[in-house]
Amino acid sequence: MSVEPETTTGPRPPSPQLGLLPMIIFGSRWLQLPLYLGLIVAQCVYIALFVKELWHLSWHALDLTEQQIMMSVLALIDVVMISNLLVMVIVGGYETFVSRLDLQGHPDEPEWLGHVNASVLKIKLAMAIIGISSIALLRTFIEAGNLGSNRAGFTETGVMWQVLIHITFIVSALGIAYVDKLSESGMRKRAE
């Protein structure tokens, strides 16, 4: 007599039988799999970009000014933050919209993954976008001393638009968080 090992989550209830149309509709979530795999490829591209930037910084460190080093480091941070955004979209999106990863108890399970849903994912993505925008804006402010000269990579109008876009990201994130809070309090009231 064989004994099946018990899992920490207990035995799973039997899956309900679906009709053909519900099965096709529910199964269509797997069409997102190539999208997430494509984002993993994009992650590899960002790794190559990071190595290239790090190599350039390391190789030319003694020839660069402090401002140039700071700009290179900000470029590295920008790549890392975009990479973190990719990880959140890949892991959180797959877990939320395609299939469970069943990582409970795994030593490398991300802390945030245990309570991720579409609302939490939206807020985390909005915060990551604000962080990325902040780094880009900081780089612009560091270079702002060149405004009006031939060395400037942007104009005063360009700086103004970057600030307005950054403010729009912040207001959007606050709006998303507020709507999420309203819907959460509404669900709690209905549960009571």
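Residues are numbered from 1 along each chain as its sequence is written, and side-chain values use heavy atoms, with hydrogens and water left out. Because the model is predicted, local features need pLDDT of at least 70 and side-chain atom pairs count only at pLDDT 80 or more, while totals for chains, interfaces and linings use all residues.

The protein chain has five helices and zero strands. Helices (H or I, at least four residues) and strands (E, at least two) are DSSP runs, numbered from the N terminus. Along the sequence, the pattern of the protein chain reads α-α-α-α-α. The protein chain has 192 residues, and 22% of them count as buried. Buried means under 20% relative accessible area, exposed means over 50%, and partly exposed lies in between (1.4 Å probe, protein chains only). A contact is a case of heavy atoms within 4.5 Å. Among contacts in the protein chain between residues at least 6 apart in sequence, 67% join residues at least 24 apart.

The packing of the helices comes next. Helix H2 (residues 33-60) and H3 have axes that come within 10 Å and cross at roughly 165 degrees. Axes here are lines fitted to C-alpha atoms, for helices over the stretch in contact, and angles run from 0 to 180 degrees between N-to-C directions. That angle makes H2 roughly antiparallel to H3. Angles under 35 degrees count as roughly parallel, over 145 as roughly antiparallel, 65 to 115 as roughly perpendicular and the rest as oblique. The crossing of H2 and H3 is left-handed, a word used if the near helix is turned anticlockwise from the far one by less than a right angle (right-handed if clockwise). Sorted by class, the contact of H2 with H3 has 24 nonpolar, four polar and one charged residues. In this sorting, Ala, Val, Leu, Ile, Met, Phe, Trp, Tyr, Cys and Pro count as nonpolar, Asp, Glu, Lys and Arg as charged, and the others, Gly among them, as polar.

Ser72 is found in helix H3. With 10% relative accessibility, Ser72 counts as buried. Leaving aside neighbours within four places in sequence, Ser72 is in contact with Leu57 and Leu64.

H3 also packs with H4, at an angle of about 170 degrees and with the axes 10 Å apart. H3 and H4 are therefore roughly antiparallel to each other. The contact of H3 with H4 divides into 20 nonpolar, five polar and four charged residues.

Met81 is a residue of helix H3. Its relative accessibility is 24%, so Met81 counts as partly exposed. Neighbours within four places in sequence aside, Met81 is in contact with Gly131, Ile132 and Ile135. Met81 and Ile129 are 48 residues apart along the chain, and their C-alpha atoms are separated by 8.6 Å.

The largest nonpolar core consists of 10 residues: Ile82, Leu85, Met88, Trp112, Leu113, Val116, Leu121, Leu125, Ala128 and Ile132. Helix H3 (66-98) and helix H4 (118-143) are the elements that give two or more residues to this core. H4 supplies the largest share of the core, four residues. A nonpolar core is a set of buried Ala, Val, Leu, Ile, Met, Phe, Trp, Tyr and Cys residues joined through side-chain atoms within 4.5 Å. Val116, one of the core residues, is in contact with Glu95, Thr96 and Leu121, leaving aside its neighbours within four places in sequence.

H4 packs with helix H5 (residues 156-191) at an angle of about 160 degrees, and their axes are 10 Å apart. That makes H4 roughly antiparallel to H5. The crossing in which H4 passes H5 is left-handed. Residues making the contact include Ala126, Ile130 and Thr140 of H4, and Val159, Gln162 and Ala173 of H5. By class, 14 nonpolar, six polar and two charged residues form the contact of H4 with H5.

Two residues of this contact can be followed further. Thr140 lies in helix H4. At 5% relative accessibility, Thr140 is counted as buried. Apart from neighbours within four places in sequence, Thr140 is in contact with Phe154, Val159 and Gln162. Ala173 lies in helix H5 and is buried, with a relative accessible area of 9%. Again leaving aside neighbours within four places in sequence, Ala173 is in contact with Ala126 and Ile130. Ala173 and Met127 are 46 residues apart in sequence and 6.8 Å apart in space, C-alpha to C-alpha.
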